[in-house]
Amino acid sequence: MSLAQAWRAQAARLPAPARWIQGLRPAICPLEPLAAALPAGARVLDIGCGHGLLLAALRSDGRIAGGLGVDCDARAVERAQLLAQPPELVFQIQDATAPLPPGPWPAVVLCDLLHHLAPADQRALVRRAAALLAPGGVLAIKDMAPRPRWCALMNRCHDLVMARQWVRHQHAAVVAGWCVDDGLAVAAPQAWRAWWYAHWLVVARRPA
Ligand SMILES: C[S@@+](CC[C@H](N)C(=O)[O-])C[C@H]1O[C@@H](n2cnc3c(N)ncnc32)[C@H](O)[C@@H]1O
């Protein structure tokens with residue numbers, strides 16, 4: 001089963017309309033490259049986990065042992081909890097700008113969270129996420145690109161409707177630089193476009 005299929009199977013367990021909206025995400029989001037960056041069998045901290053579908057899909061597919069998903073949206077976390085498998089897979093309400101669950105973690109994911117934060121909070125969160133990594137641990141940051149501008153504008157409109165928020169896109173190179181400053185080894189950022197959604201992925205590793 002592909003990760004997209006596993007994601008849709010998990011989304012089908014959510015109530016409508018979340019199951020339809022969330023079920024569309026594999027069509028616009030590069031899930032496979034993000035998943036490929038995570039160590040097989042790891043426990044993963046997903047910050048800004050939304051409805052919990054990334055962890056639930058990875059776990060149902062046997063790619064990870066489990067993990068913890070946190071999000072500030074109580075309604076999203078309530079739905080994520082429908083997919084939980086305690087004690088291996090747990091979801092809880094948590095603001096990413098407040099103290100995070102303690103580490104060390106073999107893998108930390110920020111998937112489409114950064115652009116929802118103010119720039120100073122983006123920088124602080126990357127530093128705090130990096131500090132949670134175990135030696136050899138991976139920080140995978142996937143976000144929406146500020147270029148091309150028309151794609152960023154379309155994504156702004158999307159988030160105005162979906163999140164009622166004026167989002168702040170950050171450049172992958174800037175985030176990669178933050179990771180280097182935080183002592184991580186960083187692979188070259190990757191980029192994709194699906195429809196009008198332009199994405200980047202930064203994968204950083206704490207030296208063993
Ligand atoms: C675009 S959604 C991505 C959800 C999930 N990571 C995914 O890829 O399906 C952005 C998520 O970030 C969450 N979020 C925004 N600001 C946050 C904050 N300050 N703390 C925690 N979560 C936050 C939102 O509630 C939302 O669930």
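Helices (H or I, at least four residues) and strands (E, at least two) are DSSP runs, numbered from the N terminus. What you're looking at is a predicted model, where local features need pLDDT of at least 70, side-chain atom pairs count only at pLDDT 80 or more, and totals for chains, interfaces and linings use all residues. Residues are numbered from 1 along each chain as its sequence is written.

**The whole chain**
- The protein chain has nine helices and eight strands.
- Its radius of gyration (taken over C-alpha atoms) is 16 Å, close to the 17 Å from the globule rule (2.2 Å times the number of residues to the power 0.38) for 208 residues, so the chain is as compact as a globular protein of that length.
- Of the 208 residues, 44% are buried, meaning that 20 or more other C-beta atoms, placed from the backbone, lie within 10 Å of a residue's own.

**Helix α8**
- Helix α8 covers residues 149-162, which is 14 residues.
- From first C-alpha to last, α8 reaches 20 Å, close to the 20 Å expected at 1.5 Å a residue (1.5 Å times one less than its number of residues).
- After α8 comes R164, with a positive phi near 50 degrees.

**Around the ligand**
- The ligand is surrounded by 18 residues, each with its C-beta atom, placed from the backbone, within 6 Å of it.
- The closest are G48, G50, C72, D73 and A96.

Methods
Buried ≥ 20, exposed ≤ 12 C-beta atoms within 10 Å, placed from the backbone.
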